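Hello,

Here is the structure we talked about. My notes on the interface and the salt bridges follow below it.

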Amino acid sequence: MSEIKVDTLTGKTSAGDITVTSEGGAATMQLQQGLAKVWAAYNMTGTASIKDSINISSLVDNDIGECQIFYSNSFSNANYATATCPGGAAISDAAIITLTALDSSTPRTTGLIRLGAAYANSAADRTKYDTAFNDATFHGDLA
Amino acid sequence: MSELRTDTITASDGTSPVTLTKQSAAKAWVSFDAYTSISVSESFGVSSIDDDATGDFGVNLSSAMSASTYAVQGTLDGSPYDNRALTSATGTKTSSAFDVVTLNANTGGLLDFDNNYYLVHGDLA
């Protein structure tokens, strides 16, 4: 097996475009498009804090169950795809907790997003909750 | 610091994929609106979205996966409910498409939401 050890990969024709071959060899894809541009594991109990992350400059605790995440490097537009998962040891297994982008009240931008955790199976409009384990991964194009 | 400039990276046999050390790239992702009508905001590796019924969608992949055992993650938000939006796969899944439903977690009823996000990880064919 050959191996190249290098610190930076840059597209020769276009700096942000490197093509890689699929696992089965039947297709090619752009390497940059498949990379997660932001991910974070963070805690909202007590003082909200980032446990581990990439491309995040800061986390701001806005309210119970709500935090704003600021990116170190901005996206090229606000249409990036988000996948999230909340959890916490104190939450009943029967409870349904969601961690969603609060785009209706605070629209996401290229540089930040506001996420909120709440009971989804509550009759109340929104019962917010400070979840201890919050995971988020965002895919899209960086500026 | 060293820098390699290239347009394509392939394994030394000229056809196989390179190994990204302990890393894996997503093979597809999509952001679409289904609240009023289906509208894809941005995507990668997704050819189209099928509107099968209220809260019932098919996601078609541009390049097939090697099997139907790939991982799908999904999240919803926005109208009509930020906090009661849930999504799950229906089990209808092939190497080139998967089905999902979106629902109101409080009532269990299928609903169309305006922000739908799905990611796919696994091996391409």
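Two strands count as paired if DSSP finds at least two bridges between them. Keep in mind that this is a predicted model.

By that rule, strand 1 of chain A (residues 8–10) pairs with strand 1 of chain B. The sense is parallel, over three bridges. A:Thr10 stands opposite B:Arg5 there.

Now the interface as a whole. Chain B puts 47 residues in contact with 58 residues of chain A. The buried area is about 4,200 Å², and carbon and sulfur atoms give 53% of that. Polar contacts join 23 residue pairs across the interface. On the chain B side, several strands each supply at least two residues, among them strand 3 (28–33) and strand 8 (85–93). That side divides into 19 nonpolar, 19 polar and nine charged residues.

Two salt bridges run between the chains. One of them joins B:Lys27 to A:Glu23, at 2.5 Å from N to O.

Over all chains there are seven salt bridges. Within chain A, A:Asp63, A:Glu66, A:Arg114 and A:Lys128 form a network of them. A:Arg114 meets A:Glu66 at 2.8 Å. That pair links strand 10 to strand 7, 48 residues apart. A:Glu66 also meets A:Lys128, at 3.3 Å. A:Lys128 lies in strand 11, so this pair ties together parts 62 residues apart in sequence.

How buried are the partners? Buried means under 20% relative accessible area. A:Arg114 has 18%, so it counts as buried. A:Glu66, at 7%, is buried too. A:Lys128 is partly exposed, at 30%.

Separately, A:Arg108 and A:Asp103 form a salt bridge at 3.0 Å. Both are buried.

Best regards

Note on methods: Residues are numbered from 1 along each chain as its sequence is written. Chains are lettered from A and ligands numbered from 1 in the order in which they are written. This is a predicted model: local features need pLDDT of at least 70, side-chain atom pairs count only at pLDDT 80 or more; totals for chains, interfaces and linings use all residues. Side-chain values use heavy atoms; hydrogens and water are left out. Contact means heavy atoms within 4.5 Å. Buried area is the accessible area (1.4 Å probe) that two parts lose on being put together, summed over both. A salt bridge is a side-chain nitrogen of Lys or Arg within 4 Å of a carboxyl oxygen of Asp or Glu. A polar contact is a pair of N or O atoms within 3.5 Å; within protein, one must be able to donate a hydrogen and the other to accept it, and residues adjacent in sequence count only if both atoms are side-chain atoms. Helices (H or I, at least four residues) and strands (E, at least two) are DSSP runs, numbered from the N terminus. Ala, Val, Leu, Ile, Met, Phe, Trp, Tyr, Cys and Pro count as nonpolar, Asp, Glu, Lys and Arg as charged, and the others, Gly among them, as polar. Buried means under 20% relative accessible area, exposed over 50%, partly exposed in between (1.4 Å probe, protein chains only).
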